[in-house]
Structures are given as C-alpha cells and as structure tokens.
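Please look over the sequence and the structure shown here. The paragraphs after them go through the parts one at a time.

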Amino acid sequence: MNALITGGAGFIGSHLAEAILDARASRVVVLDDLSTGSRANLAALAGRSDFELVEGDVCDQGVVAPLVDRCEVVFHLAAAVGVRLIAECPIHTIKTNVNGTETVLAEAARHGRTVIVASTSEVYGKNNRPPFAEGDDTTLGSTQSMRWSYACSKLTDEFLALAYHQQRDLPVVICRLFNTIGPRQQGRYGMVVPRFIRQALDDAPLEVYGTGRQTRCFCHVADTVRALLLLASCPEAVGQVVNVGSDESVSIRQLAECIVEMTGSRSDIRAISYEQAYGRWIEDMQVRAPDLKKIRALTGYEPTYTLRKTLEAVIAHACGQAATAQQDRSERRP
Ligand SMILES: NC(=O)c1ccc[n+]([C@@H]2O[C@H](COP(=O)([O-])OP(=O)(O)OC[C@H]3O[C@@H](n4cnc5c(N)ncnc54)[C@H](O)[C@@H]3O)[C@@H](O)[C@H]2O)c1
C-alpha cells in the first residue's frame, strides 16, 4: 500500500505514518504545511527510503494532485485543530478544513483513490444524550459562538465526502474521532491533557475551565491509529460514518485530580471561566462519549488502553522531554 497522509507531521498523523511503515510493506508520503505539526514528530522516519515528507498546503491543488496520483489510499488528517486555534483564527480554520478536504476529494475522485477522512466528535455538538451513535442528530450552537465553526467545517467535510461517494463512486470512510491523546500531542492549541500534565510537572495550578463536571472519553493514539487502519482495509466501511475512540468516561475535574496524583505534583486545581481561559465566551459540550457498536461490528475493534495506562504513557513522554530540555540547557551553559 502506498499511502498519502495529509497532516502527517501532526500528532495523530505521525503515529499513523510510523504504524503503516512498521506493519506493512508500504511507502508513506506525508503532506504537511508544518503549521501545528513538526519535522520532530517524524524524526523516527527521517532518512528512510520508504518515507517522504512534502512541505505544502493541502488546499493547493498543484501540490495535492501528483501526490494523490502516486498513492492507493489517502488518510486526510490535515486540518486546523484545537479550541484555542479555532477561537483565534476562524477564517483560517474554515478555509483549511473545507478547501483542503474539497481539494483532496476532487483529486482522489479524478485518480480513483480511497480516502479515509478524519472527522470529529465535535459534530455531535450539544447533544446531551450519550453515547452518541453515528445516526444521531447533530445539535450545533449559534454562529455567534466561533467554537462551532470547527464542527461545522468538519460536518461540511462529511457532507462533501458522502456527496463524492454518492455522485462519483469515490470510496470514502468518514472516521469521527473522539478525544485522542498520547505522546507528541501539544497543549498550546487548547488540548487539555498535555496542558494539565505540563502544569502538574511545573507544580503550577491545573486550570479547569467551567465547572469541571463536563465529561470526555480519551483514547490512546495507538488505539485510534489501529482503528483507522482497520477501517481503511474494511470494504463494508466504504461510504460509512464511523465513531472512533474509547468509551471510558471521566470528568475534567477527575482528570485533573488523577494527573496531580500520578505525577506526585504539589499543584492546586483551580476553576476558571471560559472567558478567562480564552479571552471570550466559548460554549462547551457537557458530555461526549461514543457508541462504538458500529466499529466493533465492522472491524472487531476494541480500545486496549485504559485511561490510566494512557496517562502513564503521556506523563512518561513529557518527563522524558523535560529531562532532555534540562540536559540541553546545562550543556549550553559555559
Ligand atoms: N486529537 C484529537 O483528539 C482529534 C479529535 C477529533 C478529530 N481529530 C482530527 O484528527 C486530525 C489530526 O489531528 P491532530 O490531533 O493530529 O492535530 P495536529 O494539529 O497535530 O495535526 C494536524 C496537522 O495538519 C497540518 N496542517 C494544518 N493545515 C494544513 C494545510 N493547510 N496543509 C497541510 N497541512 C496542514 C498541521 O501542520 C498538522 O501537522 C484532524 O483532522 C483533526 O480534526 C483529532
């Protein structure tokens, strides 16, 4: 399998690139503009003859067309991601997510390639009846709250992908990813787990936005990647929307307490408002949990990591990074 991964220098994409190259006789090409991703994420693959990183914009048809031509399957992950980024750069978010997906789908249709589209659990919006199944209604908030622009852009991606499937026979699988965490995820665009771990390791207060009673299910990136690969090789998944994630639920307050305990931190846990956190009002989702019946039936997928095991891996990675940074600093001292 020759695979193109758009957004492959990002958090999930870099793990996916490694998994494909580890498991199969394949070549991987990554297309990424390195806006939130980095070359460092792909350091383990640098120099391999079966791997290539192309720096470019997924909205640029001239760049995308020859890359799609060279592959059999496209994993389309490139997107503007993260509540902070979305709130601060809504034009960039909408353009990247909609135009990028349209470019990939149009080229895939022209070349007859399979596309695995990364969508998001955000599309369930304010639905407050978990677990969310793929056929449930989406309940997005008002356009006055820019937060929904991300969900809306990803919903448009889903409609576009299904439209290409219906009208142009394009083989697509839409994967609605729930919160994914793991080594290499960054906190600076609003991801809660890396932010809490950084704060805990610094003995700084862990800032819980809102009441902390909002619940989420966090999936280890290795489980997410395995699900994407299972779906990519499942003919029955073509033309389908499929939830991907873990169904172990935790409140954000409990998550903060767990991270403080696991890191042995002296941090306090502090509640702050969304206005304080983002400089503007952000409407949050109170619950988010996937119904995994469909992916189980299609592929036999089961998440293998508990939340605690996942947090152990992320904390170990963050401690390793902190130790390397400390060593670099001391080596630079005269
Ligand atoms: N991490 C999660 O919890 C989560 C949850 C739901 C959905 N997703 C989806 O999974 C995908 C990957 O997310 P991630 O968490 O790895 O985020 P990420 O920010 O690490 O990855 C996105 C990648 O896309 C690249 N990119 C952005 N704009 C681009 C452009 N115009 N051209 C080329 N590359 C561009 C970025 O540089 C980055 O490497 C996204 O589509 C996201 O919507 C992620």
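The axes of helix H1 (residues 11-23) and helix H7 (residues 221-232) come within 9 Å and cross at roughly 65°. Here axes are lines fitted to C-alpha atoms, for helices over the stretch in contact, and angles run from 0 to 180 degrees between N-to-C directions. Helices (H or I, at least four residues) and strands (E, at least two) are DSSP runs, numbered from the N terminus. The model is a predicted one: local features need pLDDT of at least 70, side-chain atom pairs count only at pLDDT 80 or more, and totals for chains, interfaces and linings use all residues. Residue numbers start from 1 along each chain as its sequence is written.

The crossing of H1 and H7 is right-handed; a crossing has this hand if the near helix is turned clockwise from the far one by less than a right angle, and is left-handed if anticlockwise. On the H1 side, Phe11, Ile12, His15, Leu16 and Ala19 are in contact with Val221, Ala222, Thr224, Val225, Leu228 and Leu229 of H7, contact being C-beta atoms, placed from the backbone, within 7 Å. Nine of these residues are nonpolar, two are polar and none is charged. Ala, Val, Leu, Ile, Met, Phe, Trp, Tyr, Cys and Pro count as nonpolar, Asp, Glu, Lys and Arg as charged, and the others, Gly among them, as polar.

H1 also takes part in the shell around the ligand, to which it gives the most, with three residues. The shell has 29 residues, and Gly7, Gly10, Thr36, Gly37 and Ala79 come nearest; a residue belongs there if its C-beta atom, placed from the backbone, lies within 6 Å of the ligand. Two or more residues come from each of H1, strand S2 (27-32), helix H4 (90-111) and strand S5 (114-120). By class, the shell holds 14 nonpolar, twelve polar and three charged residues.

S2 and S5 are also part of an open, parallel sheet of seven strands, in the order S3-S2-S1-S4-S5-S6-S11. Strands pair if DSSP finds at least two bridges between them. At the edges, strand S3 (51-55) and strand S11 (240-244) each pair on one side only. From one strand to the next, the twist averages 20°. S11 is joined to strand S6 (residues 172-177) by five bridges, and Arg176 has Asn243 of S11 as its bridge partner.

Definitions and conventions:
Contact = placed C-beta atoms within 7 Å.
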